[in-house]
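Have the structure open while you read.

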Amino acid sequence: MGNMVLGRSGKAVPKSNQLAESSPISLSLVLLLFFALVDSTSAQVDTTISQQESQSVVLPCPVNSEKCGKLHSLNWFKGDARIAAMLLGDSNVTSVNKEFDERVTVEQNPYRLVIKDLKIADEDIYLCDTTFFIPEETCDNFNGYRIELRVLENIVPPTEVVILDAKGDRLENGRVVGPMQERQSLKATCTVRNTRPQPEVSWFRGTKRLTTYSPTHDLINGLYTSTLELDWQLSREDLAQDFECRVKSAAIQNVTVTKFSVDLQVRPTSININGVKHHTVQGSKVVLTCDIRGARPAVNLTWYNTTTIISSDENEITEIRTKSLEKSDGTFHTQSELIFNATRFENDRVFRCEAENIVLQINREKPISSALTLEVLYPPVVKVSPSDIIANTSEIVLLNCEYVANPASLTQVEWYRNDDLVNVNDTTHYKGGNSENVALVIKATNKEDIGNYSCQLSNNIGKGTSDHKINLDVQYAPTVEILMIPKGPVKESDESNVTLFCNVLDANPSVLTKVRWYANSTLLKELPDCEETREDLCHIDPSKLLLESIGRGFFYNYSCEGFNAAGWGPRSEEKELLVHYEPGPATLSHFPLVAVKKKSVTFSCSVDDPGFPESNRFRWLRGGRGPLQDIVTKDWTVEPIDLDNRSNYSCYAYNEGGKGVMATVNLEVHAPPFFIRNLPQYTGILHTSPNATLTCRIECVPRCDISWQKDGVPIERNDTRYFVKEKYMDASPATGDFESMLSVLHFNMPNWPDSKFNIEDDNANYTCVSTGNTVGGSIRSRTYFGIEYAPENTTVSEKIVYVQEGTIPGRVICKSRANPEPSYDWIFKNQTIANGNALIINTPMTRNDNGTYTCLAYNKHGNSIAKTIIEVQFKPRCEIERQEIDDQDTLICIAYGNPIEADFSWSIKTENETDESLGSGKKENSDKSYYILQTDYAISRTYRCVANNTVGYGSFCEIEVAAASSLLVWWQEQLAWWQLWEKNTLIILVAAILGLMLTVIIICCIIICICRRRRRQDKLNDKSSSLGEPLSEPGEYENLPFHGLQTAPNKPINAQIFDDEFIYADLESQHYGPINYKAASLYSQIKKNKKSGALGDIK
């Protein structure tokens, strides 16, 4: 209501609408508003309106304008909250609170508030508060108009039934809460919102109603919100049960059930272990099963062997299988199987199964457990002693055997030596080794008793063999052999060492304490040698003998004898030491002594000392490179000889002992005369060339000379037309050429007639000739020296060729003189159509093939052309035109053919399709014929024309000529004067006439406009002179540019006093006003100042 006070004071409006008011408010109005506000607190309800829920209701607001004055604005309140406002005036602004925007409207005439879709929450006291501009003293509406709205109750189903947990968080229907443990308190709240009538709320677990506090019921906006709390201590009975909030009400047909369940965790109720009932046998598979029931969540299970935890990860032979099955009540049955193979170590052991879950852990309770003691029957476990026994032959030896077993009684005893059964029944050599006396006694040892002894015992369960064995060692004298390292032959050149080993083949002990060494059965040394002078040979291994820097002097047969604790053994077999050494120096020779290019030479290599083993293999080198891998014989034939063979050659003998001293010789190679560069078979030169040469290069070692001949005659040195340049060239390894003579014959062109060659006389054979040398005879090379020139004197066999269309023309031959011989191309319309000197056309000719054909003769020095014309002749084609010639209607027949000259024949096609000849017409040109039509014909006629030339007759052409009437004849006579003119002249004449007519029309329009304007001016002058009043109403031209100018005098305009043209307002700004601007301007007689350009009135 504080906002309303501000609204009535005229300084502000309600904040929600922000309406501005600028009208003045008197002090009395403010006082009236204040008293009205004070009285409103105790105001009574003016009327009560009841309406059914979901219907529309109209709340009136009586306004008495006669008593209270003009209404400024009105506001609607629901309780203390304003829901709508209306500002009256020109705009009539209405504002509704957003909460009621869709259901509430404010209306006027009459003023009222309309509420649609009535709801229980709409039940309240509504106030219509009015504000007037200037309230009258008689106004009695200062406290507003109050209406109590009652909403007739409907059955309203709850908007939602929601369950909240202890934290106030919403639990969706069917949600699982937890996990929680038994004995823990479960708290929840069930809330039923926005319903009528008051509902009945209760908590259930399954079919059992739970004892709770009484529900609370809150009435808000005519609707009930009911709340019922649950505080329940959980137990095992709550497993797999739903907690339900059930709501009964007349507003709902069936009971509304909203539920949730609890993930309840409980302790295990029982544990039991079972498996082996009496006993088991070692090696058998044992399965112990542990069952735990009644736990949620499933338990964690641990197996113990006495106090040691059993883990399948640590023992591959142990397996633990655990599975949990959920029961209908939500608890788990956990079953674990311990699977292992029984051994003797599990005998009398206690196996225990221990289980716990999170409930036991949280409450710090001990895990539950169950135990079982296992009995295992197993075969004997055997142990022998001592581990090692050393004895000499013929001594007594005792082998002990101990054991443990379940049962302990033995059924069999067996002894093994090196895994072979010992015959203990041989009482001459053994004693004991049975069930009464397990130990075994060897009465007299020998070499065969050496070995590893084991004991195997048996009972009713099985057999047991000792893990360890007794090693019995009986000593005897050594048997040896000699070994060499390296095994193979030794190279003398390596100066290497050889180690001899006296290897024990059979001995006990196998270590030799002394060794005697022999060479070719002669004692070399007995080791160790501990004499005072040989201290270095005292503390060594006597079974090794080192031979240093082996050479030819160590070539012997070696043997040895060994000694151990049993004495000296027999001497070993002899073994030869082979020493390889290289052959002696080589000697090298070759034949022939001087080699010739492209022939062969044979080298021979020999040695006096073949070495050991004797050598028959040789290595060869050429030019210091090698050795050559594919040549190992003493003789080497090289062919063919070339420049690469001019080098030094080396050889040496070699064997497994190394290579001998190398021998080297230098090979001299000669070359017979041979052309490296000979003359070509043909040499062409342009007859105008400023220079010419012939080159000849001949390989020859020793050196040879070169001379030149022309047509078999030697060219003299004093012949000024020639000069020769020579050079002896070095050998070329890149090409394989030996030394060679290069000779160049130069043609001295300034000394030739006309300084050029004669194309007829200077063609000749030139020859390059060499002398012989010691390895070859003279050679020569010849070339034909041809004088060349470009094509000239090109001609064709036919200058003009006539051919009829559709036929094939004869061939045309093109000839030209040139050296080298020219090539030919035939060109037509810038395209090559044939090659060769003959133009041969094999397709029928068409008129498009008519034209000039060009023969192009060319070689590398230039080209020349000749042309022939092919005239394609064809029958003429005609066309008929109709023209007026010399005032006569004339038909013109034009022929198109080749030849152009043609004869014509005119005819008329009659009604029976026959032709009436009209003759050949008038022929002024070779391709046209004229026929003059008669003017008195009365019927339409078809005129025909046919042309023929030397090829033949063409096809007919026709023209239809309409019949001539009397009117047409008269009209032709009248139009005869313009028919003499050309068509373009007629067009120009017609355009000129039309332009003249358009000009006349425009002039007429201008004259009419001027006349009408003057008539209007005359009327205006008459009115102004008779009435003496202005032509327009005051203010009509206030906004026009010429407003304020003086009124023109009421006298005729004197045109003589005007030095300049009139300026009319409607001409400069046609959009300013009415069309009579110009008439008004006539009263002003405005004139421009020529100097300043300003406007002024004419006086």
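## Charges over rings

Arg352 places its charged end over the ring of Tyr304, at 4.3 Å from the ring centre. Bear in mind that this is a predicted model. Arg847 does the like with Phe874: its charged end sits over that ring, 3.9 Å from the centre.

## Aromatic pairs

The count of aromatic pairs comes to 25. One of them is Phe603 with Trp636, a tilted pair with 6.0 Å centre to centre and 35° between the planes. Phe603 belongs to strand E50 (residues 601-607) and Trp636 to strand E52 (residues 635-638), so the pair ties together parts 33 residues apart in sequence. Phe603 is buried at 0% relative accessibility, and Trp636 counts as buried too, at 10%.

Then there's Tyr722 with Phe747: the ring centres are 5.3 Å apart and the planes stand at 65°, so this pair is edge-to-face. Tyr722 is in strand E61 (residues 722-729) and Phe747 in strand E62 (residues 740-747), 25 residues apart. Tyr722 is buried, with a relative accessible area of 6%, and Phe747 is buried with 3%. Both rings are part of a cluster linked by ring pairs, along with Trp752, Phe757, Tyr766 and Phe785.

## A six-stranded sheet

Six strands make up an open sheet with mixed pairing, in the order E1-E9-E8-E3-E4-E5. E1 (47-52) and E5 (93-96) are at the edges with a single partner strand each, so one side of each has no neighbour in the sheet. On average, neighbouring strands here are turned by 20° against each other, direction ignored.

Met86 stands opposite Thr94 in E5.

Notes:
Residues are numbered from 1 along each chain as its sequence is written. This is a predicted model: local features need pLDDT of at least 70, side-chain atom pairs count only at pLDDT 80 or more; totals for chains, interfaces and linings use all residues. Side-chain values use heavy atoms; hydrogens and water are left out. Two strands pair if DSSP finds at least two bridges between them. Helices (H or I, at least four residues) and strands (E, at least two) are DSSP runs, numbered from the N terminus. Axes are lines fitted to C-alpha atoms, for helices over the stretch in contact, and angles run from 0 to 180 degrees between N-to-C directions. Rings of Phe, Tyr and Trp (its six-membered ring) pair if their centres lie within 6.5 Å; planes under 30 degrees apart count as stacked, over 60 as edge-to-face and the rest as tilted. Buried means under 20% relative accessible area, exposed over 50%, partly exposed in between (1.4 Å probe, protein chains only). A charge sits over a ring if NZ of Lys or CZ of Arg is within 6 Å of the ring centre and within 35 degrees of the ring normal.
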